[in-house]
Structure formats: structure tokens, C-alpha cells
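Please look over the model below.

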Amino acid sequence: GYSWVCQGIDFHDPESVTIVTYCWWYFIVRIVDFADTIFFLLRKKYSHISFLHVVHHTLVVWNGWLFITFGADGQGIMGVSINSFIHIVMYSYYFLAALGPSVQKYLWWKRYITRMQIIQFAVFIGFVCVPLFKDCGYPRTLTYLAAAQCFFFLVLFINFYIHTYMRSKRGEVHFFCGNYEAASKATVPCENSANGKVTDSGTVTSGVLNGNGVKRREAKMRSH
């Protein structure tokens, strides 16, 4: 059976071979995740392709191949299971959002998806580091790699959450403006955003306003 404390790798176990097969399907799905980036490019929605978006999808595919090739079974399988569940919830949200305004008004729980992602990284950092203190046959190299990746994503998603759901309420322009998970939470539309703040009167300060070909250090935001 699977150990919830420390699980090594045993590819001679028939059940482990089955797990590896499922992991390869998981890996293929993560490659398909790149499709949304391709659609953004084809539709020229470049503002939707953010640093978090690109780095997240790229590292998951690259490191996913490493883990499936050298350590699909073992300690890392719990992270794959939790991540699969969160992606089911996330893509269910996007499916419902695509149904139109009549459904979108009920989708108030978007921020909680990001919270789930943050929690999973925090939990998995602690779990994946167990083999560093308890020898259960899981490669230490993969342990260091998994912990580093989770910590990196944890920082990115916390930063994303702060700028999307907290600072935007105070009138600050969204730092990750354009990320496909940011949606409409940013105070200023991405195509008219600036590297500054928006005052109550609608003045953009300490930044450049890009809209309709106009660039200036200070400009009035016009409502449409």
C-alpha cells in the first residue's frame, strides 16, 4: 500500500506500473495545457500571456517529464493527485464562465481556486521534503527539485493573489495584468494599464498610459 509519510519507488510492483501509466496521461494533459497559450496568440490577446502563465506551464511540462521518467511512483504521486483535483475544479470554472453572463454572475468563487493552489504548494513542500529526513527509497535529487519548484510556484501565486485580489481594491494597477486567471479583478483594463496608481478621480500617476496610441506621464482615464 501507499505510505502517507514516506513512499519509495518500486517499479517491480504491478500497481506501480499502473500508476506510471496514469502519470503519463497526466503529463499529456499538461502538454495540452499549452493550447490556451496558442489560442491567445492566434487571437492576438497578448496581454493574457503573463510571466506566471508561461513559466508555470513550461516548468510543469519539463519537470513533469523528469519526474515521470525517474520517479513517477513514490513520494511525488500525492502532489500529482492533489494537482489533478485542483485542475478539475479550475477548468470546471472556466467551462461555466464560457457559458456567458447568465452563468458568470454566480461564479464568485474564483479567488478560492487560487487559494487552493497556494495551499497545495505549501502542503506539498512539507510532504515532499520528508525523504530528506527519512530514508524510504525516494531519490534525494528529485526531492530537492520538487521542493524548489513548489516553493517557486508558491511565491508566484502568493504574489499573484496579492496583486489581483488585495492591491487592486486599493486602486493599484495589477502587477500580473493580463494573466488569464486575473480576469476582471484588475482595477484598470490591461490594454489601458500603467505602471503606477489610479486615484479616485481616475488619474494615472507615475506611469505611461497606453491606449489609442497615446502615451503620457499623466492622463485621465476615460470611462467607456
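## A loop lysine

K44 is found in the loop between α2 (34-42) and α3 (51-71). Helices here are DSSP runs of H or I with at least four residues, strands are runs of E with at least two, and both are numbered from the N terminus. Phi of K44 is near 60 degrees, a positive value in a residue other than glycine. K44 counts as exposed, at 63% relative accessibility. Exposed means over 50% relative accessible area, buried means under 20%, and partly exposed lies in between, using a 1.4 Å probe and protein chains only.

This is a predicted model: local features need pLDDT of at least 70, side-chain atom pairs count only at pLDDT 80 or more, and totals for chains, interfaces and linings use all residues. Residues are numbered from 1 along each chain as its sequence is written, and side-chain values use heavy atoms, with hydrogens and water left out.

## Overall fold

The chain has seven helices and three strands. Along the sequence they follow the pattern α-α-α-α-α-α-α-β-β-β. Of the 224 residues in the chain, 44% are buried. A contact means heavy atoms within 4.5 Å. Among contacts between residues at least 6 apart in sequence, 60% join residues at least 24 apart.

The UniProt record, an unreviewed entry, places the feature "transmembrane region" at residues 24-42, 49-68, 80-100, 112-133 and 145-162. UniProt positions are given in the numbering used here, feature names are shortened, and annotations may be inferred rather than shown by experiment. Two of these spans are described in the model. Residues 80-100 are 86% helix and 0% strand, and their end C-alpha atoms lie 31 Å apart. Residues 145-162 are 100% helix and 0% strand, with end C-alpha atoms 26 Å apart.

α1 has 19 residues and reaches 28 Å from its first C-alpha to its last, close to the 27 Å expected at 1.5 Å a residue. The expected span is 1.5 Å times one less than the number of residues. In α1, the buried residues are S16, V20, C23, Y26, F27 and R30. They cover an arc of only 115 degrees around the axis, which puts them on the same side of α1. The arc is that of the directions from the helix axis to the C-beta atoms. These buried residues pack against α2, α3 and α4 (77-97). The face of α1 turned away from its buried side carries exposed P14, Y22, W25 and V32.

## Cysteines

How many disulfides does a search of the whole structure find? It finds one. A disulfide is a pair of cysteine sulfur atoms within 2.5 Å. This one joins C6 to C136, with S to S at 1.8 Å. The torsion about the S-S bond is about -65 degrees, so the disulfide is left-handed. The pair links distant parts of the chain, 130 residues apart. C6 is in the segment before α1 (14-32), and C136 is in the loop between α6 (110-128) and α7 (140-166).

C129 is in no disulfide; the nearest cysteine sulfur, that of C150, is 8.7 Å away.

## Buried side chains

| Residue | Relative accessible area |
|---|---|
| C6 | 7% |
| C23 | 5% |
| C129 | 18% |
| N63 | 6% |
| T164 | 0% |

N63 is found in helix α3. Its side chain makes a polar contact with the side chain of Q149, at 2.3 Å. A polar contact is a pair of N or O atoms within 3.5 Å; within protein, one must be able to donate a hydrogen and the other to accept it, and residues adjacent in sequence count only if both atoms are side-chain atoms. Not counting residues up to four places away in sequence, N63 touches L145 and Q149.

T164 is in helix α7. A polar atom of the T164 side chain lies 2.7 Å from the backbone oxygen of F160.
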